[in-house]
Amino acid sequence: MNDTKIRAIVAGALGRTGGEVVSALLGGDFAGISLACGVDSHAATGETRGGAPIYVDFDNISEAADVMIDFSSAQSLAARLEFAKTREICVVLAPTGLSAEDETLILKYSRFIPIFRAANFSLGAAAAEVLCAQARRLLPPEFDSAIIEKHHKTKKDAPSGTALSIAEAIDGAAEKSGEKTEIHALRLGTFSGEHEIIFAGDGETVTIIHHAENRRIFALGAIKAAGFLFGKPAGLYGMKDLMK
């Protein structure tokens, strides 16, 4: 991250993880990034956080900004991307449950602005994905692979984007084309997120587990992504780029 003060708009500012992003920015966890304002459809008139306004939509935003950190939903994605393009700001996209049409839209806008897209902003989860792909390459093809993922009971998408991304990495590293990793999704309690990846052979098992203790790790990862993205040319970026 350079010495320039980066001004961030947080979309979904009153949500579980968006609220963690706001708290981290206001708490001074990242000296190079400040909160310009937030946007949340549940905001009350005149609502603020640390002196920064929280708007109900993007129409009334007058604050200058350099990046949008988006922890809202798939709904109105096109409007948010168009806002970012018009303002010429980069975007860190965290919504889950995006459709194929949404992904095509993201790719389209990445030709005009820098976009950082990830299913999971945890550095540990990104490392687990790399380890799983490497395990698939090292183990004989007779080893079966499966993922058990657990999230809180209010999470809407199943399987999670993280599980799908890990499965794609494993299957892409497999010797046999067309091989698929099974995914078993559980929605119960208040799990922030746990992914258990199992490679089972004849008489032995290799297990890789990533456990998220809280949502703060996702918020901090997204802010790090914003610092990484600032100043980059238009394009589509992800966790692998950040970890380099």
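## Strand pairing and helix packing in a predicted model

Strand β8 (residues 144-151) pairs with strand β10 (residues 194-200) in the antiparallel sense over seven bridges, where two strands pair if DSSP finds at least two bridges between them, and helices (H or I, at least four residues) and strands (E, at least two) are DSSP runs numbered from the N terminus. The structure is a predicted model, in which local features need pLDDT of at least 70 and side-chain atom pairs count only at pLDDT 80 or more, whereas totals for chains, interfaces and linings use all residues. Residues are numbered from 1 along each chain as its sequence is written, and side-chain values use heavy atoms, with hydrogens and water left out.

An open sheet is formed by eight strands in the order β3-β4-β2-β1-β5-β6-β7-β12, with mixed pairing. Its edges are β3 (48-49) and β12 (235-237), each of which has a single partner strand, so one side of each is left without a neighbour in the sheet.

| Strand pair | Sense | Bridges |
|---|---|---|
| β8 and β9 (residues 182-187) | parallel | six bridges |
| β7 (residues 114-117) and β12 | parallel | three bridges |

Helix α1 lies across β1 (6-11), β2 (33-39), β3 and β5 (67-70), running at about 155° to β1, and α6 lies across β1, β2, β5, β6 (90-93), β7 and β12, running at about 155° to β6.

The axes of α1 (residues 16-26) and α6 (residues 216-229) come within 8 Å and cross at roughly 60°; axes are lines fitted to C-alpha atoms, for helices over the stretch in contact, and angles run from 0 to 180 degrees between N-to-C directions. The two helices are therefore oblique to each other, given that angles under 35 degrees count as roughly parallel, over 145 as roughly antiparallel, 65 to 115 as roughly perpendicular and the rest as oblique. The contact (heavy atoms within 4.5 Å) is made by T17, E20, V21, A24 and L25 of α1 and by R216, F218, A219, L220 and I223 of α6.
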